[in-house]
Amino acid sequence: VCLAFAFGVGRWLYLWHGNRYRRVALAALERIAQGSPDTAVSQLALLVRRTALAVFPRQTIAGLSGEAWLAFLDQSYGGHEFSRGAGRVLSLGPYEPPQDASAPGLSDLVRRWISVHHV
């Protein structure tokens, strides 16, 4: 019983530590949500990129842009919201802010991706 308890606590600590990058990213997302809507899209695009670089191999992430980047986000998320939905603005977000800077649903999509993406 003691061994099983120790194993369970060790596993929980391992998972908790391994998901630290998610907690940091979610805190950054909250700061972005409270900031200026004019820069929100570019900040969200950079946040997603930094979060991906924290967990996925740099060789996989660094060269992706445009449609390939959105396809990667869809694949790691298990949906199509990046390539076909609100996430489309992330392909140009850091370089060219879209006309509609409010990007409805983008913050929620980024929050879900940070919370549930799989490596």
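A: Happy to! One term to begin with: a salt bridge here is a side-chain nitrogen of Lys or Arg within 4 Å of a carboxyl oxygen of Asp or Glu. Also keep in mind that this is a predicted model.

Q: How many salt bridges does a search of the whole structure find?
A: The search turns up 3 salt bridges.

Q: Which residue does Arg-111 form a salt bridge with, and how far apart are the closest N and O atoms?
A: Its partner is Glu-30, and the closest N and O atoms are 2.5 Å apart. This pair links distant parts of the chain, since Arg-111 sits in helix H7 (residues 106–116) and Glu-30 in helix H2, 81 residues apart.

Q: What about Asp-108 and Arg-111, how do their side chains meet?
A: They meet in a salt bridge, at 3.6 Å from N to O. Asp-108 and Arg-111 are 3 residues apart in helix H7, so about one helical turn separates them. Asp-108 is partly exposed, with a relative accessible area of 43%. Because these salt bridges share partners, Glu-30, Asp-108 and Arg-111 are joined into one network.

Q: And which residue pairs with Arg-88?
A: Arg-88 forms a salt bridge with Glu-67, where the closest N and O atoms are 2.9 Å apart. Arg-88 lies in the loop between helix H6 (81–84) and H7, while Glu-67 belongs to helix H5 (residues 66–77), so the pair ties together parts that are 21 residues apart in sequence. Arg-88 counts as partly exposed at 36% relative accessibility, and Glu-67 is partly exposed with a relative accessible area of 47%.

Q: Let's stay with H5. Which of its residues are buried?
A: Trp-69, Leu-70, Phe-72, Leu-73, Asp-74, Ser-76 and Tyr-77 are buried in H5. Their cover includes H3, helix H4 (58–61), H6 and H7.

Q: Where is Ala-68, then?
A: Ala-68 is in helix H5 as well. At 39% relative accessibility, Ala-68 counts as partly exposed. Ala-68 and Ser-91 are 23 residues apart in sequence, and their C-alpha atoms are 8.9 Å apart in space.

Q: What span should the 12 residues of H5 have?
A: At 1.5 Å a residue they should span 16 Å, and the end C-alpha atoms of H5 are 17 Å apart, which agrees.

Q: What follows H5?
A: Gly-78 does, and its phi is positive, near 90°.

Q: Switching topic: at roughly what angle do the axes of H2 and H3 cross?
A: The axes of helix H2 (residues 20–34) and helix H3 (residues 40–55) cross at roughly 175° and come within 10 Å. Angles over 145 degrees count as roughly antiparallel, and H2 and H3 are therefore roughly antiparallel to each other.

Q: Which residues meet there?
A: From H2 there are Tyr-21, Ala-25, Ala-28, Leu-29 and Ile-32. On the H3 side they meet Ala-40, Gln-43, Leu-44, Leu-47, Thr-51, Ala-54 and Val-55.

Q: How many are nonpolar, polar or charged?
A: The contact of H2 with H3 has 10 nonpolar residues, 2 polar ones and no charged ones.

Note on methods:
Residues are numbered from 1 along each chain as its sequence is written. This is a predicted model: local features need pLDDT of at least 70, side-chain atom pairs count only at pLDDT 80 or more; totals for chains, interfaces and linings use all residues. Side-chain values use heavy atoms; hydrogens and water are left out. Axes are lines fitted to C-alpha atoms, for helices over the stretch in contact, and angles run from 0 to 180 degrees between N-to-C directions. Helices (H or I, at least four residues) and strands (E, at least two) are DSSP runs, numbered from the N terminus. Angles under 35 degrees count as roughly parallel, over 145 as roughly antiparallel, 65 to 115 as roughly perpendicular and the rest as oblique. Contact means heavy atoms within 4.5 Å. Ala, Val, Leu, Ile, Met, Phe, Trp, Tyr, Cys and Pro count as nonpolar, Asp, Glu, Lys and Arg as charged, and the others, Gly among them, as polar. Buried means under 20% relative accessible area, exposed over 50%, partly exposed in between (1.4 Å probe, protein chains only). The expected span of a helix is 1.5 Å times one less than its number of residues.
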